[in-house]
Amino acid sequence: MKTEKRLVLFLIISAAILLLSRSIMPPAPTTVQPNVSQQMPMPAQPSGPDLIPVVPEEQRKQAVLGDYIVNYSASGGYITDVYLKDNSTRLPIENVFYTPELATALFKVDQSADTLTFTYDTPTGVVIKEYSFIDPFALEVKLFGMDKFSNVILFEQPDDATGPSARYQELVYRTDALHKKASSSINKAIHLDNLEYIGMRGRYYAAAVINPEGSYTVNRVDHRLRLAKQELSEGSTRIFLGPQTGNALSQYDLEDMVSYGLLTPIVAVLEAILDLFARIFNNWGVSIILLAVVVYGICFPLTAKSTKSMRKMQE
């Protein structure tokens, strides 16, 4: 009887940990390796007022940059969407640093191992837009050739129409306090400044501007949540682009993008243990089982004491 109770407890804890991990961890990589010759689908881009024009087929290209695969457009010189190279997961970010005033410009494109450079000759000089993955979770974008770039779209997050995943989509930003707004609740423009960071999150991945300067505008445009800047000076901007794990977010002081209220300290410990097992065994399934064993071991003294008390009462 004692063994059966322990088994039932172990199964309940294992199921709870599995459900928790599915909600906070990115999906496990598959063995499918995407090939640049097998083009990732381009996002649907309707045209109209305030909307980004449809990219002509002949100007749609793809490149591998470090651990990412990006689709980009030579027309306008910008990245349209981003995928993880190891498992083809599409990240919740589109139309990265789209500049409307250069929408019809046909850029020359050069690529290195982890950098994509767009150049365009103007009567007054050369405009340069450079996208570099400077570490596993940071995209650095550099703009040069104009004193001010107007109405720059830093990135957009498309609405997730798959049902359950939609409830995870949020606008998250920190000023003197942390603020979160469900993406679906934003129906008019929001103007923000004095930010420590600003970003958007989905179910597994997030994108955020690191150390933003000046004011930003968030608005909904055609089933997309758009982060824009009215004026952007020459220079560089860094964007976090990665999984919503404590290890990844803490590298950029973004760990509060994901919060579990009073349970946050407990979840942080469980996540750290799970992440350790995942790095050792490179298998989420094994890691979850081992975490369940650890939790069972921690709970065992309490359950043993309770069992002894019950036996004494029965006697």
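Predicted model: local features only at pLDDT ≥ 70, side-chain atom pairs only at ≥ 80, totals over all residues.

Tutor: Arg 201 has a relative accessibility of 10%, so this residue counts as buried, the limit being under 20%. Its partner in a salt bridge is Glu 170, with 2.9 Å between the closest N and O atoms. The two belong to distant parts of the chain, 31 residues apart: Glu 170 is in strand β9 (residues 170-174) and Arg 201 is in strand β12 (residues 197-201). Glu 170 is buried too, at a relative accessible area of 17%.

Strand β9 also holds Arg 174, which pairs with a residue 79 positions away, Asp 253, in the loop between α2 (246-250) and α3 (264-281). Here the N to O distance of the salt bridge is 3.0 Å.

Another salt bridge joins Glu 94 and Arg 224, at 2.9 Å from N to O. Because Glu 94 lies in strand β4 (residues 90-96) and Arg 224 in strand β15 (residues 224-243), this pair ties together parts that are 130 residues apart in sequence. Both residues are buried. Glu 94 and Arg 224 also belong to one network, built from salt bridges that share partners, together with Asp 81, Arg 90, Glu 156, Asp 222 and Arg 226.

Over the whole structure, the search finds 13 salt bridges.

Conventions. Residues numbered from 1 in each chain as written. Heavy atoms only, no water. Salt bridge = Lys/Arg side-chain N within 4 Å of Asp/Glu carboxyl O. Helix = DSSP H or I, 4+ residues; strand = E, 2+ residues; numbered from the N terminus. Buried < 20%, exposed > 50% of the residue type's maximum accessible area, 1.4 Å probe, protein only.
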